[in-house]
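Me: Please take a close look at the charged and aromatic side chains here. Which contacts do they make, and which parts of the chain do these link?

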Amino acid sequence: MIFPSLYVEFLVEKCGFPENKAPSHRVELFKSYGSSLAGLRALGYDIDADDYHSFVHGRLPYDLIKPDSQLRNLLRSITQRKIIFTNSDRNHAIMALKQLGIEDCFDQIICFETMNPNLSKSTSPDEFPVLLKPSVDAMKVALRVADVDPRRTLFLDDNVRNVAAGKALGLRTALVGKTARSKEADYVLEHIHNLAQVIPEIWVGGTESGDQRISRPGSEMDAILSPTTVGA
C-alpha cells in the first residue's frame, strides 16, 4: 500500500520543498537513502521519526486492506518461526497485519524502531544515521535481534535491492511480486500465495523441532531451514 502523496505533503508542509519539485525530490531521497526520512536527516533536516511516521502513516486508509484468509492459512501451516522485517514503524506494521488478519501468525516484528533505537537521543540529525533495508548494517541488526543463522533462514521481500543485500549476507532469498528470475534471488514468486508451489520443501521432511529441509536451485548442497524470515 503506497501513497506517495503523503510523503510529498510532508516534504512541502514540514520541510518547505516547492510543490512542483517535491515529487521528484521524494523519488531521489528514496533511491539514494532508502526513505524520505533517512534522506532528510542525512541532508541535515532535524526530522523527528515519530512525527514523520505519524504524518505519513497516521492518515493512511487502513480500511482498504481486507482480511486475507488464504494468506493466513498459508502462514499457519508453516511450523518454522516467522518474523516480520520491515522499514516501517511498529504501529504501521501492526495495523497492516491486523487488517490482513495475520497479526498472530508471526513470532516477532523487527521494524524501524528496532534498527534505530538511539535516534530519539540524537542531538543532531547526522549523529545517528537512519538504518533501513537494504543497508547491510540494518540487515545485520535484524539477524542479531532475530538470533538466526542466515544459512538456515529464508528471506522474502518484494524489493530487489533488499533481496540482494540479504543474499550478500548469506540468507536464502525469495523475490516476491515478480515473474522473471533474478540472480539476487534463489526463488521468485509472482504472489506470496504461490509460496507452497514455488518452495514446497518448506512443508516436507519436518522434524519434531520444526526443522525443514530446503534445496537450493541447481546442484548446490541442501540446507536445513529452521526460521522463516518474512520481509515487508
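Reply: Start with Arg 151. Its relative accessible area is 59%, so Arg 151 is exposed (over 50%; buried is under 20%, partly exposed lies in between, all with a 1.4 Å probe and protein chains only). This is a predicted model, in which local features need pLDDT of at least 70, side-chain atom pairs count only at pLDDT 80 or more, and totals for chains, interfaces and linings use all residues. Residues are numbered from 1 along each chain as its sequence is written, and side-chain values use heavy atoms, leaving out hydrogens and water.

Arg 151 has a partner. Asp 149 forms a salt bridge with Arg 151, with the closest N and O atoms 3.2 Å apart (the rule: a side-chain nitrogen of Lys or Arg within 4 Å of a carboxyl oxygen of Asp or Glu). Asp 149 is partly exposed, at 25% relative accessible area. The structure holds six salt bridges.

Another joins Arg 172 and Asp 186, at 3.7 Å from N to O. Arg 172 sits in strand S4, and Asp 186 in the loop between S4 and strand S5 (187–189), so the bridge ties together parts 14 residues apart in sequence (strands, E, at least two residues, and helices, H or I, at least four, are DSSP runs numbered from the N terminus). Arg 172 and Asp 186 are buried. Salt bridges with shared partners join Lys 167, Arg 172 and Asp 186 into one network.

Now the strands around Arg 172. S4 (residues 172–176) pairs with S3 in the parallel sense, over four bridges (pairing needs at least two DSSP bridges). Phe 155 stands opposite Thr 173 in S4. Along S3 (residues 154–157), Leu 154 and Leu 156 point one way, Phe 155 and Asp 157 the other, and all are buried.

Next, Arg 59. Its side chain meets that of Glu 9 in a salt bridge, 3.2 Å from N to O. Arg 59 is in the loop between H4 and helix H5 (69–76), Glu 9 is in helix H1, and the two are 50 residues apart. Arg 59 is partly exposed at 44%, and Glu 9 is partly exposed at 27%. Arg 59 also lies over the face of Phe 55, 4.2 Å from the ring centre (CZ of Arg or NZ of Lys within 6 Å of the centre and within 35 degrees of the ring normal). Lys 133 lies over the face of Phe 85 in turn, at 4.9 Å.

Rings of Phe, Tyr and Trp (its six-membered ring) pair if their centres lie within 6.5 Å; planes under 30 degrees apart are stacked, over 60 edge-to-face, the rest tilted. The count is five aromatic pairs. Phe 10 and Tyr 52 have ring centres 5.0 Å apart and planes at 85 degrees, so they are edge-to-face. Phe 10 is in helix H1 (residues 4–15) and Tyr 52 in helix H4 (residues 49–57), 42 residues away. Both are buried.

Phe 10 also pairs with Phe 55: centres 5.3 Å apart, planes at 75 degrees, so edge-to-face again. Phe 10 belongs to H1 and Phe 55 to H4, so parts 45 residues apart in sequence are tied together. Phe 10 is buried at 4%, and Phe 55 is buried at 12%. Ring pairs link Tyr 7, Phe 10, Tyr 52 and Phe 55 into a cluster.
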